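Take a look at the sequence and the structure, then read on.

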Amino acid sequence: MSKQKDFVKFENVDKSYDGKVLVVKNLQLDIAEGEFITMLGPSGSGKTTCLMMLAGFETPTNGEIYLGGKAISSIPPHKRGIGMVFQNYALFPHMTVYENLAFPLRVRKIPKDEADKKIDKALSMVSLQGFASRMPGQLSGGQQQRVAVARSLVFDPQLVLMDEPLGALDKNLRESMQYEIKHIHESIGVTVVYVTHDQSEALTMSNRIAVFNDGKVQQLSSPDELYEKQLIHLLLSSLVRTIHLMVKFQKYQVENVKLNLPMLK
Ligand code: ADP
Ligand code: MG
């Protein structure tokens, strides 16, 4: 079966929380089946709001979101087949690892035998076999986050949303988890929408990167394209600085020198 190019589709989506300011502005974005796409942007640029609308915890003010070709505005979150991982782990602290993973299966009324198999499989995917009876408080930050990843995948979702899932981890752990998540994505082929404000994380993990700014997608490109554009930008801006210095040195007026560098735009 061929992969759907617009497996997820944001069509003219606006979002306002207060009825005045738009925090997401006319978002148009197609996400292919099996793709790993990252929303990259500074804090407040609207990334989490987009995930929340896709997951069903917020409603678009205008526009529509489609999943697998169907408009989803009237489908409640637990019927959308979407797994989620948040920055703050959000495990249930009073439940064991097993119970945390069993929860999304119980909501979906999966029989216990089948649920146990899925839980085993999900725990082995994140290398945490043998941890089923631990409480979250008995796990390190990295282990807790791996449980959160396992929980988002345990019910075989069609789509997984990850909102800055590694933000609370230290650098080494973050890098090894980037690799683990990427590996899981490649091995099971699930569609992932990943959110981060960390550019190197986005460049490492993604098939495509949507650069967010002020509620809009400013650029949509592959990691290679994004990297090249930024390199060119960097080179050109240092070239401009050098020319300014040379002009100053020659005692010319900087204002009189006009540069035409279309690539900077
Ligand atoms: P990001 O995830 O990129 O940091 P958010 O989607 O969280 O951005 O926020 C975008 C804008 O929407 C921000 O200005 C934020 O303050 C505002 N916002 C986010 N969630 C809410 C909410 N529940 N109620 C009101 N405003 C919100
Ligand atoms: Mg956010």
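## The nonpolar core

The largest nonpolar core has 55 residues. Such a core is a set of buried Ala, Val, Leu, Ile, Met, Phe, Trp, Tyr and Cys residues joined through C-beta atoms within 7 Å. Buried means that 20 or more other C-beta atoms lie within 10 Å of a residue's own; 12 or fewer makes it exposed, anything in between partly exposed, and C-beta atoms are placed from the backbone. L54, A150, V154, L161 and V193 have the most contacts inside this core. Its largest share, five residues, comes from α4.

This is a predicted model, where local features need pLDDT of at least 70 and side-chain atom pairs count only at 80 or more, while totals for chains, interfaces and linings use all residues. Residues are numbered from 1 along each chain as its sequence is written, and chains are lettered from A and ligands numbered from 1 in the order in which they are written.

## Helix α2

Helices (DSSP runs of H or I, at least four residues) are numbered from the N terminus, as are strands (E, at least two). In α2, residues 97-107, the buried ones are V97, N100, L101, A102, P104 and L105. Their cover includes α3 (112-125) and α4 (141-153). Just past α2, K109 has a positive phi of about 60°.

## Threonine 96

T96 sits in the loop between β6 (82-85) and α2. Why is T96 partly exposed? Because it has 18 C-beta neighbours inside 10 Å.

Methods. Contact = placed C-beta atoms within 7 Å.
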